Amino acid sequence: MSMTLVLQSQSYTITITQIAAFVLNQEVYTPYSALTLSTYGTFDPAMYTGVYRVQLYHDDTQLHDGTVEQLELTLENGVRRLRLVSRGLTAMLLQNQLEPGLHGSMSLDKLMTEFYTFPEEITWEQNNDTSNYIYVKPNASMWDGIANLTFKLYGRYPFIRGANQICMNPPTQFQTYHAPDDSGVARSGMATDQSLLYSDYYMAGADGTYGTFHESDPEAVSRGLVRTKQLALDQQYLYNPQQALTFRRKFAGRRLVRYYVDLMGAWDLRLGDRLSIGTTIDAAMITHVRMTGDANGIRTRLEAYDDPFFPAFPQS
């Protein structure tokens with residue numbers, strides 16, 4: 001496999017090129033890349049106790065840069081096996097909470113620089129418009145704040161592009177993969193999952209009266225689903241309470257329909273790039289990249305969702 005693993009400790013760097021197996025997932029509703037990996041060798045356990053950073057490269061392209069969640073060395077029949085689990089640095093956005101209450105004059109630049117000092121490898125789409133505010137509920141994470149601000153500004157859901165770049169909008173510069181132009185195409189298909197859909201959302205008003213606000217999901221209704229939620233007033237959306245229900249409806253529709261193609265080899269495509277599959281979809285945004293490798297070689301799955309936040313067939 002043409003992959004390189006780089007492990008960093010406080011005093012040295014370890015480079016491994018012989019990787020037995022790995023799985024790397026990048027998905028628009030998961031705010032970090034997720035890597036599991038194993039390899040074999042004559043490793044000295046003392047050198048690995050202080051490893052804290054994991055990077056995975058395909059040739060010169062960085063696919064993953066994250067923290068060590070778990071690292072284990074085992075010895076069996078004279079051979080050591082290294083197994084690790086890593087999450088991208090942007091997982092820290094879920095692991096840090098914002099102070100509850102109203103935060104005025106908020107932009108993404110301010111959100112990312114004035115609360116915590118994150119590793120410099122975490123980058124973000126420039127946004128310095130401080131004409132907005134966010135209301136933070138107790139126990140809300142930094143990612144909740146980013147999602148709140150993104151929806152308020154653009155009606156979108158944020159995602160992580162590449163190793164650790166926060167995007168509020170799809171990129172304007174991207175690659176497009178056309179299937180089945182290449183003999184490396186192994187399989188393509190479609191899958192749907194309606195398990196998260198709700199047909200109706202009801203929310204209380206400022207006086208506590210339930211049902212003051214209501215939103216129906218036409219997709220759920222058309223599928224014959226009767227599922228309702230009764231919600232207290234969401235103070236994050238006091239500027240427009242109906243938006244609280246619109247956000248929930250769209251988020252519940254995540255991954256509703258998935259179009260995918262399985263390719264042989266490692267393909268350096270990212271979330272936000274585009275995927276075309278014959279006459280099925282045309283330049284739909286790539287919303288999930290899953291790369292796997294083992295003794296049989298490397299395979300890449302590209303997926304394009306068709307859901308409320310990431311429509312594969314946007315209306316003109």
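Begin by selecting S276 and D282, whose side chains make a polar contact at 3.4 Å; a polar contact here is a pair of N or O atoms within 3.5 Å, where, within protein, one must be able to donate a hydrogen and the other to accept it, and residues adjacent in sequence count only if both atoms are side-chain atoms. The model is predicted, so local features need pLDDT of at least 70 and side-chain atom pairs count only at pLDDT 80 or more, while totals for chains, interfaces and linings use all residues. Residues are numbered from 1 along each chain as its sequence is written, and side-chain values use heavy atoms, with hydrogens and water left out.

Stay with S276, which sits in strand 19 (residues 274–277); strands are DSSP runs of E with at least two residues, helices runs of H or I with at least four, both numbered from the N terminus. S276 counts as buried because its relative accessibility is 4%, where buried means under 20% relative accessible area, exposed over 50% and partly exposed in between (1.4 Å probe, protein chains only). Leaving aside neighbours within four places in sequence, the residues in contact with S276 (heavy atoms within 4.5 Å) include T176, H178 and I281.

Next, select helix 5 (residues 242–252), in which A244, L245, T246, F247, R249 and A252 are buried.
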